[in-house]
Protein chains: 2
Amino acid sequence: MDSHESFNVFVQNCPSREIMQRLGDKWTPLVLLGLAGGPLRFSELRQRIGSVTPKVLTSTLRTLERDGLVQRTVFAQVPVRVDYELTEVGHSLLGPMETLRKWSENHASKVLKARDEFDARD
Amino acid sequence: MDSHESFNVFVQNCPSREIMQRLGDKWTPLVLLGLAGGPLRFSELRQRIGSVTPKVLTSTLRTLERDGLVQRTVFAQVPVRVDYELTEVGHSLLGPMETLRKWSENHASKVLKARDEFDARD
DNA sequence: CGGGATCCAAAACGATACTG
DNA sequence: CAGTATCGTTTTGGATCCCG
């Protein structure tokens, strides 16, 4: 691995900091998790995620492609077919994303309750 | 746990979805990780994170407090002392956040390289 | 010291319509 | 089908100053 290069998210201007901040983009986790089961077409992915506009999905995918997490493959057919799938590096993020997902689903009710209590104060 | 309540991040309007999206707020991971070692005062936390303005740090902390992840304690002194620390629920997020952090630091050079190659194309 | 208040810039997100 | 173009809105982040 690259641990010898000593990236540190607490250091301002360290690339790893910006990378971590990007992983939290509103749609990034859902896209990554959506592709967990294998390649999907644009419209399939869109359906799977739901309520994401084409423009936003496109830009999210572009960023992920640029960062080497997702691979885009165009099949020269009529009509065209475009597949998106996780790269190996993208796959290595699946674990962390799954963890985040599970945490969110398992703690949702606690968080909701905390909000109610907080809002009830004052 | 609450898994029987069947929250699902892929379901539109499911609270868990919004909660997961919130975990990726630009500063949330850094704040949580910053508090990993124990309670910190506002200014200590700010120094630790670096380059975050008071306004933004305040609002991030408020949200985390509202969601029950962070506890805010005011000591009636002159001058005032305010401590922030993780709650138990907040602690349970430390693992996932650490994972994200390590991933970012370990894969930073790969991502950077992928970007270069992507930008070199066309 | 720990912010709140104000104002502003920029980015992210979204709705809609349209095209190769 | 897989987007792009355009436009507008919303959200987020930042700079600066001030106050208890």
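User: How many residue pairs are in polar contact between chain B and chain A, and what makes a pair count?

Analyst: In this predicted model, 18 residue pairs are in polar contact between chain B and chain A, with both residues at pLDDT 80 or more. A pair counts because an N or O atom of one lies within 3.5 Å of an N or O atom of the other, one able to donate a hydrogen and the other to accept it.

User: Which helices of chain B supply residues to that side, and which gives the largest share?

Analyst: Happy to list them: H1, H2, H3, H4, H5 and H6 of chain B each supply at least two residues. The largest share, 18 residues, comes from H6(B).

User: Why is the meeting of A:Glu65 and B:Arg121 called a salt bridge?

Analyst: The N to O distance between these side chains is 3.8 Å. The cut-off is 4 Å between a Lys or Arg nitrogen and an Asp or Glu carboxyl oxygen, so the pair qualifies. Between chain B and chain A the count is 8 salt bridges.

User: What is the buried area between the chains, and which residues of chain B lose the most?

Analyst: About 5,500 Å² is buried between chain B and chain A, 64% of it on carbon and sulfur atoms. In chain B, the residues losing the most area to chain A are B:Phe10, B:Arg66 and B:Trp103, together 14% of what that side buries.

User: What makes B:Arg66 a lining residue of the largest pocket?

Analyst: B:Arg66 is among the residues that line this pocket, as are A:Phe118 and B:Thr87. A lining residue has an atom within 4 Å of a pocket point, so B:Arg66 meets that test. The pocket's volume is about 150 Å³, and its lining divides into 4 nonpolar, 3 polar and 5 charged residues.

Note on methods. Residues numbered from 1 in each chain as written. Chains lettered and ligands numbered in written order. Predicted model: local features only at pLDDT ≥ 70, side-chain atom pairs only at ≥ 80, totals over all residues. Heavy atoms only, no water. Buried area = accessible area lost by both parts, 1.4 Å probe. Polar contact = N/O pair within 3.5 Å; in protein donor to acceptor, adjacent residues only side chain to side chain. Helix = DSSP H or I, 4+ residues; strand = E, 2+ residues; numbered from the N terminus. 1 Å grid on protein atoms, 1.4 Å probe; cavity = no way out; pocket = protein on both sides within 12 Å on 5 of 7 lines; lining within 4 Å. Points joined across faces, edges and corners; volume = space filled by probe spheres on them. Nonpolar A, V, L, I, M, F, W, Y, C, P; charged D, E, K, R; others polar.
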